[in-house]
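Here are some notes from a friendly read-through of this model. Please have the sequence and the coordinates open as you go.

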Amino acid sequence: MEIEPERAEMNTLVRGAVEEYQHVAQASRLELAFEGSPAPAHADADRRRIQQVMTNLLSNAIKFTAPGGRVAVRVRADDRSVEVSVQDTGRGISETALPSLFQRYVRGPDAVRDIAGTGLGLLIVREIVEAHGGRVAVESQVGRGSTFTFTLARKPASALAAG
């Protein structure tokens, strides 16, 4: 997968994705919240590809969360990395389904059949994040929801300014 990384402020990039999905969340009667990192969270990232990651994660979180639920998106940064998490109060994913979740055409065995999907979204997320040298993870409990997290390497602002 080809990426074109550039200096990106992840608070701004992720907040933009959340704002684009507010109408979808409202139509689904869900709360969609954003919590940014207190400090700037710069990373070398392909903005278009990270937008695609956020689209897939937000779409899934909204799709699998019942009306009245909540989706929370957070950005955290330290000296070495930027972490973005999408946490929902949805149906959750069984422990047996987690190991194969990021593979091609995989939908959990407990997935609702009347919810559209190709089974490619999380594979795309993994491929994009890994092409950035990052990692993606999921934590989930059936009936309690899921948290998908991706982490990208970060250059401190001083290193970015220096080149």
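**Notes on the model**

1. F148 is buried, at 8% relative accessible area, where buried means under 20%, exposed over 50% and partly exposed in between, with a 1.4 Å probe and protein chains only. F102 is buried as well, at 11% relative accessibility.

2. A word on the basis of these notes. The model is predicted, so local features need pLDDT of at least 70 and side-chain atom pairs count only at pLDDT 80 or more, while totals for chains, interfaces and linings use all residues. Residues are numbered from 1 along each chain as its sequence is written, and side-chain values use heavy atoms, with hydrogens and water left out.

3. How many aromatic pairs does a search of the whole structure find? The search gives 1, counting rings of Phe, Tyr and Trp (its six-membered ring) with centres within 6.5 Å. The ring centres of F102 and F148 are 6.2 Å apart and their planes stand at 80°, so this pair is edge-to-face; that class takes planes over 60 degrees apart, stacked takes those under 30, and tilted the rest. F102 sits in the loop between β5 (81-88) and α3, and F148 in strand β7 (residues 145-153), so the pair links parts 46 residues apart in sequence.

4. For orientation, the chain has 4 helices and 7 strands, taken as DSSP runs numbered from the N terminus (helices: H or I, at least four residues; strands: E, at least two). Along the sequence the order is β-α-β-β-α-β-β-α-β-β-α. Of the 163 residues, 44% count as buried. Among contacts (heavy atoms within 4.5 Å) between residues at least 6 apart in sequence, 71% join residues at least 24 apart.

5. Do look at the helix pair. Helix α2 (residues 47-63) packs on helix α3 (residues 121-131) at about 150°, with the axes 9 Å apart; the axes are lines fitted to C-alpha atoms over the stretch in contact, and angles run from 0 to 180 degrees between N-to-C directions. The crossing of α2 past α3 is left-handed, that is, the near helix is turned anticlockwise from the far one by less than a right angle. From α2 come R49, Q52, V53, N56, L57 and N60, which meet G121, L122, I124, V125, I128 and V129 of α3. By class, this contact has 7 nonpolar, 4 polar and 1 charged residues.

6. There are 5 salt bridges, each a side-chain nitrogen of Lys or Arg within 4 Å of a carboxyl oxygen of Asp or Glu. One of them joins R47 and E6, with the closest N and O atoms 3.3 Å apart. R47 belongs to helix α2 and E6 to strand β1 (residues 6-9), so this bridge ties together parts 41 residues apart in sequence. R47 is partly exposed at 35%, and E6 is partly exposed at 40%.

7. The bridge between R76 and E35 has its closest N and O atoms 2.3 Å apart. R76 lies in strand β4 (residues 70-77) and E35 in strand β2 (residues 31-35), so the two tie together parts 41 residues apart in sequence. Both are partly exposed, R76 at 32% and E35 at 37%.

8. Within helix α3, R126 and E130 are 4 residues apart, about one helical turn. Their side chains form a salt bridge at 3.6 Å, N to O. R126 is partly exposed at 24%, and E130 is partly exposed at 46%.

Note on methods. Nonpolar A, V, L, I, M, F, W, Y, C, P; charged D, E, K, R; others polar.
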